[in-house]
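Please look through the model below before reading on.

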Amino acid sequence: MNKAYSTSIESSRIAHSIGTALDRFIKNNQDEFPYASGELSQLLRDIALASKVVNREVNKAGLIDIMGGIGSTNLAGDQQQKLDVLANIRFTRALTKGGEVCALVSEESESFVDLNNHGQYVIAIDPLDGSSNIDVNVSIGTIFSIYRRKSAPGTPIRSEDILQKGSEQVAAGYILYGSSTMLVYTTGHGVHGFTHETSLGEYFLSHPDMQIPEDGKIYSVNEGLYNSFEPAMKQYLQFCKDSSYTARYIGSLVADFHRNLLKGGVYIYPATSRDARGKLRLIYECNALAYLVEQAGGKASDGRRRILDIDPESLHQRSPFYVGSKNMVEKAESFIQRTAIN
Ligand code: FBP
């Protein structure tokens, strides 16, 4: 096809370009992966497929009997929602089918699942984040982190395979089930966002190379917990008010993170008098978003340490979480670290 003709096809306004399909994008960028054997590409495809099934069920949740609790609690003592369990089943099935994954860590499972195979990858996943918003039709999400196993393939999974620092991630991302459904991920070469085109059942590149503004005017904190915050955190919130920042808190980490990624802002789930380590889970909530935000030019810490440098001690360990625009995270840290000095 000669160049002029292909350019005319590409730029034709009659049939507007719908963008690069996720599959094509993964294939085109596969050589970026250090271990480019197609396994990681297949994993990303499996996650995308499972997310489409979950998206379909989330969209019609009000019409089928998947609202409400399932009558059991997860390790954190949270009431497990039917959709939590359903999403966990969908992702676990999709990720165990191909054989690329040797171990799976999930918010909904007390211990990790050893898949006894020669898979090279370990996945940590929060199948459905934002549980408190599931039944009220507010945006929710899925968060995933992908690591390479450390132990030899085919041998039993060891703690060093599971308890890896966030800086060891080879890929991470989230799916946002919102007004539109998006998949946003990184493999260490920038952050790319894909929007689900429902009628075609496919994700298309809509937000290439996402960058978070260095500064912003949005702070996302559950101020209902104000009385349980340490004085430095209360002083930072006063600083936000004195600086005429806007408060935005959806109560779904993925949705709050996504907004701040696009507009600039800071999300904070600090230590509280109730939980000195905050609420969020390091391995399947914080690490993935910390990797993404750093790839997009932002910052993530526990108020003092870089999230990606924290050595996990246990599967479901919690961590205070400060994530978002670089200057805003550093400002919040300066308040927290000030107390350490005095
Ligand atoms: P789940 O994964 O169990 O939903 O917990 C995480 C989360 O729901 C985040 O999505 C959200 O930002 C936070 O907890 C809300 O917590 P709180 O209701 O205490 O503000």
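What follows goes from the cores to an aromatic cluster, then to the spaces inside the model and to some loop residues.

The model is a predicted one, in which local features need pLDDT of at least 70 and side-chain atom pairs count only at pLDDT 80 or more, while totals for chains, interfaces and linings use all residues. Residues are numbered from 1 along each chain as its sequence is written, and side-chain values use heavy atoms, with hydrogens and water left out.

In soluble globular proteins, nonpolar side chains tend to be buried together. A nonpolar core is here a set of buried Ala, Val, Leu, Ile, Met, Phe, Trp, Tyr and Cys residues joined through side-chain atoms within 4.5 Å, where buried means under 20% relative accessible area, exposed means over 50%, and partly exposed is in between, with a 1.4 Å probe and protein chains only. The largest such core has 50 residues, and among these Y174, M233, Y236 and F321 touch the most other members. At least two residues of this core come from each of β7 (171–177), β8 (181–186), α6, α7 (253–263), β13 (266–269), α8 (282–295), β15 (321–324) and α9; these elements are DSSP runs numbered from the N terminus, with helices being H or I of at least four residues and strands being E of at least two. Helix α8 gives the largest share of the core, eight residues. A second, separate core holds 37 residues, including L44, A87, I134 and Y185.

Helix α8 is itself mostly covered, since 12 of its 14 residues are buried, and among these are L282, Y284, C286, L289 and L292. Just after α8, G297 takes a positive phi of about 90 degrees.

The aromatic rings come next. A pair of aromatic rings is described by the distance of the centres and the angle of the planes. Rings of Phe, Tyr and Trp (its six-membered ring) pair if their centres lie within 6.5 Å, and planes under 30 degrees apart count as stacked, over 60 as edge-to-face and the rest as tilted. The structure holds nine aromatic pairs. In one of them, the ring centres of F239 and F335 are 5.6 Å apart and the planes stand at 50 degrees, so this pair is tilted. Because F239 lies in helix α6 (residues 231–242) and F335 in helix α9 (residues 326–341), the pair ties together parts that are 96 residues apart in sequence. F335 is buried, at a relative accessible area of 8%, whereas F239, at 22%, counts as partly exposed. Both rings belong to one aromatic cluster, formed by Y236, F239, Y245 and F335.

The model also has spaces between its atoms. On a 1 Å grid over the protein atoms alone, a cavity is a set of points where a 1.4 Å probe fits but cannot get out, a pocket is an open set with protein on both sides within 12 Å along at least five of seven lines, and lining residues have an atom within 4 Å of a point. The second largest pocket has a volume of about 220 Å³, and of its 17 lining residues, V58, N59, I134, N137 and V138 are the closest to its centre. Helix α3 (residues 39–59) supplies the largest share of this lining, three residues. The largest cavity contains about 60 Å³ of space and is lined by 10 residues, with F25, E32, Y185, T187 and H192 nearest its centre.

Some loop residues complete the tour. N137, found in the loop between β5 (121–129) and β6 (140–148), has a positive phi of about 60 degrees although it is not a glycine, and at 73% relative accessibility N137 counts as exposed. D209 also has a positive phi, of about 45 degrees, without being a glycine, and at 44% relative accessibility D209 is partly exposed. The loop between β10 (202–207) and β11 (218–220) also holds Q211, which is partly exposed at 47%. Leaving aside neighbours within four places in sequence, Q211 is in contact with L261, Q295, A296 and G297.

How values were computed: Contact = heavy atoms within 4.5 Å. Points joined across faces, edges and corners; volume = space filled by probe spheres on them.
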